[in-house]
Amino acid sequence: MLSQPFEKPVRVWVGLGFPRQLNSVVDAYQFVTEWCGNSPEQKAAIRACKAALVGDIDAETARGILVQFASVMNQRFV
């Protein structure tokens, strides 16, 4: 399992608006698997993180998919 860092961390808002910084694929995987939901964007983020952890895709590709999930998540809950 590869713990690849992101070139630039991803900041997401959780709970009552508290920021959480995701610095690596492992951080992102933990976040998306703990998030309550079952959206297509979440499933895509989980698949991307798994692929990055085994080296099938690079961390920045997984980061891009995570950012898409986070933007959809924030639109739904803001």
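Begin with the hairpin: β1 and β2 form it with 3 residues between them, and glycine 15 in the turn has a positive phi of about 60°. Helices (H or I, at least four residues) and strands (E, at least two) are DSSP runs, numbered from the N terminus. The model is a predicted one, in which local features need pLDDT of at least 70 and side-chain atom pairs count only at pLDDT 80 or more, while totals for chains, interfaces and linings use all residues. Residues are numbered from 1 along each chain as its sequence is written, and side-chain values use heavy atoms, with hydrogens and water left out.

**The strand pair**

Select residues 5-14, which are strand β1; this strand pairs with β2 in the antiparallel sense over 6 bridges. Two strands are said to pair if DSSP finds at least two bridges between them. At another, tryptophan 13 is bridged to proline 19 of β2. In a regular strand the side chains alternate between the two faces of the sheet.

**Phenylalanine 6**

Next, select phenylalanine 6, which is found in strand β1. Is this residue buried or exposed? Phenylalanine 6 counts as buried, at 8% relative accessibility; buried means under 20% relative accessible area, exposed over 50%, and partly exposed in between (1.4 Å probe, protein chains only). Leaving aside neighbours within four places in sequence, the contacts of phenylalanine 6 include Leu22, Ser24, Ala28, Ala59, Arg63 and Leu66, where contact means heavy atoms within 4.5 Å. Draw a distance from phenylalanine 6 to phenylalanine 18: the two are 12 residues apart in sequence and 21 Å apart in space, C-alpha to C-alpha.

**Serine 24**

Move to serine 24, found in strand β2. Serine 24 is buried, with a relative accessible area of 11%. With neighbours within four places in sequence set aside, serine 24 is in contact with Ser3, Gln4, Pro5 and Phe6.

**Alanine 28**

Now select alanine 28 in helix α1. This alanine counts as buried, at 0% relative accessibility. Which residues touch alanine 28, leaving aside its neighbours within four places in sequence? They are Phe6, Leu22, Cys49 and Leu66.

**The salt bridge**

Show the side chains of arginine 20 and glutamate 34. They form a salt bridge, with the closest N and O atoms 3.8 Å apart. Arginine 20 lies in strand β2 (residues 18-24) and glutamate 34 in helix α1 (residues 25-34), so the pair ties together parts that are 14 residues apart in sequence. The structure holds 1 salt bridge, defined as a side-chain nitrogen of Lys or Arg within 4 Å of a carboxyl oxygen of Asp or Glu. Arginine 20 is partly exposed, with a relative accessible area of 25%, and glutamate 34 is likewise partly exposed, at 47%.

**Serine 39**

Select serine 39 in the loop between α1 and α2 (40-53). Serine 39 is buried, with a relative accessible area of 11%. Its side chain reaches the backbone nitrogen of glutamine 42 at 3.0 Å.

**The whole chain**

Finally, select the entire chain. How many helices and strands does the chain contain? There are 3 helices and 2 strands, arranged along the sequence as β-β-α-α-α. Taken along the principal axes, the C-alpha atoms fill a box of roughly 35 × 25 × 15 Å. For 78 residues, a compact globule would have a radius of gyration near 12 Å, and the chain agrees with this at 12 Å; the radius is taken over C-alpha atoms, and the globule rule is 2.2 Å times the number of residues to the power 0.38. Of the 78 residues, 35% count as buried. Among contacts with a separation of 6 or more, residues 24 or more positions apart account for 46%. The accessible surface of the chain comes to about 4900 Å², of which 56% belongs to carbon and sulfur atoms; accessible areas come from the Shrake-Rupley method with a 1.4 Å probe, and for residues only the protein chains shown count as cover.

Definitions and conventions:
Polar contact = N/O pair within 3.5 Å; in protein donor to acceptor, adjacent residues only side chain to side chain.
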